[in-house]
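Here is my note on the structure you asked me to look over. I have kept it to a few numbered points, to be read with the coordinates open.

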Amino acid sequence: MLILKNARVLDAEHERDDGRYSVVIDGDTIREVTREPVEASGAQVIDVGGKTLMPGLIDCHVHVIASVAHLGNNSRLPNTFAVLRAVPILAGMLNRGFTSVRDAGGADYALSRAIEEDVIAGPRLFVAGKALSQTGGHGDFRERFDNSDPDPCGCSRNLGAIGRVVDGVDAMRKAVREEMRAGAHHIKIMASGGVASPTDPIGNLQFSVDEVKAAVEEAASHQTYVMAHAYTPKAIARVVKLGVRTIEHGNLIDEEAADVMAEHGAFAVPTLVVYDAMNRVGAQIGISALSLEKNEAVRVQGLKALELLHERGVKMGLGTDLLGEMHEYQSDELSIRADIVGSFEAIRQATAVGADILNMQGKLGVIAAGAYADLLVVDGDPLKDIRVLTGQGERISGVMKNGAWVREKLL
Ligand code: ZN
Ligand code: ZN
């Protein structure tokens with residue numbers, strides 16, 4: 001038993017609460033959060049001296065296997081190399097205070113299990129397996145003049161591949177069933193053009209109505225849901241009406257599509273920091289000129305989308321979508337959002353809403369009895385300055401996952 005006493009608590013239920021709390025942790029679970037003195041013989045007591053105690057952060061859109069920003073090249077990494085290069089990416093996330101992440105393509109069940117079994121350090125990892133893309137879609141990384149088979153050597157099975165190409169209703173059903181059999185927690189589809197792929201303008205719709213329906217139906221049969229990459233209002237409204245639960249990016253959304261999302265209770269997972277990072281360092285790390293051009297077109301719109309989604313009451317989780325060398329910017333998503341919707345709302349999105357998206361309400365993203373002890377002890381007040389959470393976790397003096405310190409400098 002561990003008691004963290006003299007803590008200021010910050011989560012979706014405790015906004016401006018200056019009370020001092022004791023948080024009682026038993027094994028992997030928070031047993032009690034109270035302002036009364038706690039007596040428990042044999043318990044270890046740590047006085048955190050009025051520091052802020054908050055839930056571990058949740059990033060709902062990552063690609064932990066993407067150690068090379070060029071995803072076509074990433075898919076050709078030897079398997080051992082692809083997996084080993086994910087190890088420091090996962091450790092980096094945990095150090096920045098992200099105790100849960102949702103992978104949007106690439107990571108598999110084995111990686112998730114390896115973390116669960118403490119073989120490697122990392123956040124709780126919820127995986128999609130391979131993202132599903134149509135021919136010429138956002139998950140098809142062949143260049144325009146490359147007429148090779150999309151999967152000549154079973155390359156899409158390579159561990160560095162983010163996605164696989166699927167065409168037709170039957171193939172879609174089979175692909176979803178295969179990903180579920182292999183241990184996916186949710187299904188990812190590419191429902192519009194994208195930035196980092198060579199032959200698909202952002203305005204394109206991807207997958208037919210029947211293919212999307214098949215994915216949604218199969219995911220529901222497996223008691224889970226579909227997340228869809230989509231940029232334009234048309235692409236977004238279309239798949240939300242077909243039952244897709246979370247919209248990834250959504251940069252070009254308009255009022256009408258936002259209202260469709262709100263009506264259907266769909267979640268948005270904007271990933272603003274990736275456009276910012278691509279803008280800053282994309283050229284140096286080998287992102288193509290065409291991709292950088294596409295990037296700039298959606299970067300500024302993304303900031304406006306966040307405002308619109310917020311105004312229209314669409315539930316929003318935090319996402320980042322960083323690739324390769326850009327992972328270090330992950331926490332900047334918080335400050336980009338805080339500048340638009342305020343620090344408390346940004347933190348709520350990165351905790352309570354993220355837990356909703358993961359179907360882990362009450363278990364993750366809160367400091368409350370019955371939740372997993374995934375928490376951060378922060379120097380300073382994130383509501384006054386969200387930047388205490390940015391960088392590489394320098395101002396986070398304790399990161400706990402599952403009741404165990406990942407690191408701490410409190411004792
Ligand atoms: Zn995407
Ligand atoms: Zn992505």
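1. Overall fold. This is a predicted model, and every remark that follows should be read with that in mind. The protein contains 11 helices and 18 strands. Its radius of gyration is 21 Å, close to the 22 Å given by the globule rule for 411 residues, so the protein is as compact as a globular protein of that length. Taken along the principal axes, the C-alpha atoms fill a box of roughly 70 × 45 × 45 Å.

2. Of the 411 residues in the protein, 59% are buried, and the exposed surface comes to about 16000 Å², with carbon and sulfur atoms supplying 48% of it. Among contacts with a separation of 6 or more, 71% are made by residues 24 or more positions apart.

3. The zinc ions. The zinc ion (ligand 1) has His229, through ND1, and His249, through NE2, as its protein donors, lying 2.1 Å from it. The two histidines link distant parts of the chain, since His229 belongs to strand 12 (residues 226–230) and His249 to strand 13 (residues 246–249), 20 residues apart. Both side chains belong to buried residues: the relative accessible area is 1% for His229 and 4% for His249. Water is not among the atoms, so the site may look incomplete.

4. Helix 7. Which residues of helix 7 (residues 255–264) are buried? They are Ala257, Ala258, Val260 and Met261, and, seen down the helix axis, they fall within an arc of 155°, so they line one face of the helix. Just after the helix, Gly265 adopts a positive phi of about 70°.

5. Arg312 and its partners. Arg312 sits in the loop between helix 9 (289–311) and strand 15 (315–316), and with a relative accessibility of 31% it counts as partly exposed. Leaving out residues up to four places away in sequence, Arg312 touches Glu255, Ala258, Asp259 and Ala262. Its side chain makes a polar contact of 3.1 Å with that of Glu255 and another, of 3.0 Å, with that of Asp259. The C-alpha atoms of Arg312 and Glu256 are 9.7 Å apart, although 56 residues separate the two along the chain.

6. Ser67. Is Ser67 buried or exposed? At 7% relative accessibility it counts as buried, because the cut-off for that class is under 20%, and its place is in the loop between strand 6 (57–62) and helix 1 (71–74). Apart from neighbours within four places in sequence, Ser67 is in contact with Asn74, Leu77, Arg85, Ile89, Gly324 and Glu325.

Technical notes. Residues are numbered from 1 along each chain as its sequence is written. Chains are lettered from A and ligands numbered from 1 in the order in which they are written. This is a predicted model: local features need pLDDT of at least 70, side-chain atom pairs count only at pLDDT 80 or more; totals for chains, interfaces and linings use all residues. Side-chain values use heavy atoms; hydrogens and water are left out. Donors are N, O and S atoms within 2.8 Å of the metal (3.2 Å for Na, K and Ca); water is not among the atoms, so sites may look incomplete. Helices (H or I, at least four residues) and strands (E, at least two) are DSSP runs, numbered from the N terminus. Buried means under 20% relative accessible area, exposed over 50%, partly exposed in between (1.4 Å probe, protein chains only). Contact means heavy atoms within 4.5 Å. A polar contact is a pair of N or O atoms within 3.5 Å; within protein, one must be able to donate a hydrogen and the other to accept it, and residues adjacent in sequence count only if both atoms are side-chain atoms. The arc is that of the directions from the helix axis to the C-beta atoms. The radius of gyration is taken over C-alpha atoms; the globule rule is 2.2 Å times the number of residues to the power 0.38. Accessible areas come from the Shrake-Rupley method with a 1.4 Å probe; for residues, only the protein chains shown count as cover.
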